[in-house]
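Subject: Structure for you to look at

Hi,

Here is the structure I promised to pass on. Please open it first, then read the notes below.

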Amino acid sequence: MSEEKSLNFLEEIIEEHLKQGTYKSIVTRFPPEPNGYLHIGHASSICLNFGLTKKYPGYTNLRFDDTNPETEETEYVDSIKEDVRWLGFEWKHERYASDYFGSLYRFAQQLIDKGLAYVDESSSEEIAALKGTPTEPGKDSPYRNRTIEENRDLFTRMKNGEFPDGSRTLRAKIDMAHINMLMRDPILYRIKHAHHHRTGDEWCIYPMYDFAHGQSDSIEEVTHSICTMEFIPHRELYDWLIEKLEIYPSQQYEFARRNINYTVTSKRKLLQLVNEKFVTGWDDPRMPTISGLRRRGYTPESIRDFCDRIGVAKRDNLVDVGLLEFCVREHLNKIALRRMVVFDPLKVVITNYGQEEEILMSENNPEDEGAGSREIPFSGEIYIERDDFMENPPKKYFRLAPGQMVRLKSAYIIKCEEVIRDAEGTITELRCTYIPESKSGQDSSGINVKGTLHWVSARHALLAEVRLYDRLFRVEDPADEEGDFKDYLNPDSLQVINKVYVEPALHGATPGERYQFIRKGYFVLDRESNGNSLIFNRTVGLKDSWAKKGG
RNA sequence: UGACCCAUGGUGUAAUGGUAGCACUACUGAUUUUGGUUCAGUCAGUUAAGGUUCGAAUCCUUAUGGGUCAACCA
């Protein structure tokens, strides 16, 4: 019965490998650098790498590419681990490139011994000058032909801290005229007298990406090393090093990173937004970070579903954020508890109801009978949404208007009899009558109304704060615009409503529960809430075909 | 004026020489005690030109367009 889902190009490669017996099982890795928080683009890579070893025999390691102590911190390591777990994945081994500094150092010595690496004393400017350009070959460094003994000695002294930062590098000896710039004697090691988040002051030389990543893959016997397309030119060097070092032949495969419109996914840019206070932090709910999405109320299920739907391929892309929103709505619709909250209150007095009150029942989730129901107090004075009333309504307006009837959700049908105004002419109150026989669940009135409104009983309502979020940028692709990307921030990305009126059932709201404020959207309790205050973040609004029609 | 990667509806992704499909979006309509959900339907695509073939989105050539490469970042 089940329709076979087509394979992405990596799954095809792996199935072929498994079929041919190239591998019996596979090993992948997710290799973040701990210099920032993970974002939605990383989620794609996480789902890919971990997803592959869920589908095929094998496992996935979490490996931190921590070879640049100047930008890396333990805070980032912790956040990355939390985010991967939250997304629902468990790694086999937790590893660090820094675990391999000793092996990497010995690999470098082997290269020196084979005459394939040398210590260069050129400055970074001099190296750049001799590098050539994509269309012109480079020139050999004057230090290129030192003896092996000299190189060994110099490299040892680099490690021993005898030289200042930037004064020397270890370079592979390949070909300065190579068509691939990365093969023009790439730098393997540089001197940095910097404190490393894990190895402390043990080392003052650190390997470059190209001399750490592939070697780490190899040490872990990673079979399929999956990275993004900008690393394609690195593959030649990746292979060269593995061949010369005669180590386990991990293979690199590349896919196109996923881009999403109206946001940026560059750790450098996100860091800028954080540092320059354009957002409140890495987990600001407007951020495309995993932690931001989590605080915003996204579920791991919805993010996994999103990654699954956008797929894996090799072409440039700009995915519509609307798809992410669709995924979270789809999930939240099934699990969110329905609650009634009035954002902009308009008082309604039900003139024939009297001073008493009663308890009504309402289902917690019409999509899930198991979610049960809750009690809602009703009384003769309630609040409805100000924009649920119009004095001169257009055709097909189903809400309240003079002489018109609406259903109050889970309660009665009411009819608007009178509009009360203050001295300025602002509507301050509506006088309505209710139809006693129309009680929800036992309606014998025979009246059919088109509109149903949410409401809260005025004397039972609690106060809360809601934070409404919109896209962070006003343009689809901020990174592609002229000038500073920050000039394209959306000034209305955050709207705070300090006082909204919520039904009493929200009193014990917990951060783990998801809510749908009926007709308003999906909300989650923010971590800044406490015993005295309820603060809700809007995850995403409901689809609104009335607003779209210009209603 | 080099090398490499890529090109299918508005967006994302399938079709692996044999009926261009799926999802999102948009638009209709039905249902609805959320103008939500659900259901039914509609619009919409192979960058171009040659070639190979009975047959090409798929293979070849050229062109065009987009991306990547000149960090002691990853």
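The count comes to 24 aromatic pairs. Rings of Phe, Tyr and Trp (its six-membered ring) pair if their centres lie within 6.5 Å; planes under 30 degrees apart are stacked, over 60 edge-to-face, and the rest tilted. Take Tyr412 and Tyr434: their ring centres are 4.8 Å apart and their planes stand at 80 degrees, so this pair is edge-to-face. The two residues are 22 apart in the chain, with Tyr412 in the loop between strand 16 (405-408) and strand 17 (413-421) and Tyr434 in strand 18 (residues 427-435). Helices (H or I, at least four residues) and strands (E, at least two) are DSSP runs, numbered from the N terminus.

Before going on: this is a predicted model, where local features need pLDDT of at least 70, side-chain atom pairs count only at pLDDT 80 or more, and totals for chains, interfaces and linings use all residues. Residues are numbered from 1 along each chain as its sequence is written, chains are lettered from A and ligands numbered from 1 in the order written, and side-chain values use heavy atoms, without hydrogens and water.

Now the core. The largest nonpolar core has 35 residues. Such a core is a set of buried Ala, Val, Leu, Ile, Met, Phe, Trp, Tyr and Cys residues joined through side-chain atoms within 4.5 Å. Buried means under 20% relative accessible area (1.4 Å probe, protein chains only). Phe155, Leu170, Tyr189, Ile205 and Phe211 have the most contacts inside this core. Helix 4 gives the largest share, seven residues. A second, separate core has 34 residues, including Phe30 and Ala336.

Ring pairs also link Phe155, Tyr189 and Phe211 into a cluster with Phe101, Tyr105, Trp203 and Tyr206.

Four strands form an open sheet in the order 4-5-6-7, with antiparallel pairing. Two strands pair if DSSP finds at least two bridges between them. Strand 4 and strand 7 are at the edges with a single partner each, so one side of each has no neighbour in the sheet. Strand 5 and strand 6 pair over three bridges. Leu170 stands opposite Tyr189 in strand 6. Helix 4 packs on this sheet and touches strand 4, strand 5, strand 6 and strand 7. Contact here means heavy atoms within 4.5 Å.

Best wishes

Technical notes
Buried means under 20% relative accessible area, exposed over 50%, partly exposed in between (1.4 Å probe, protein chains only). Axes are lines fitted to C-alpha atoms, for helices over the stretch in contact, and angles run from 0 to 180 degrees between N-to-C directions.
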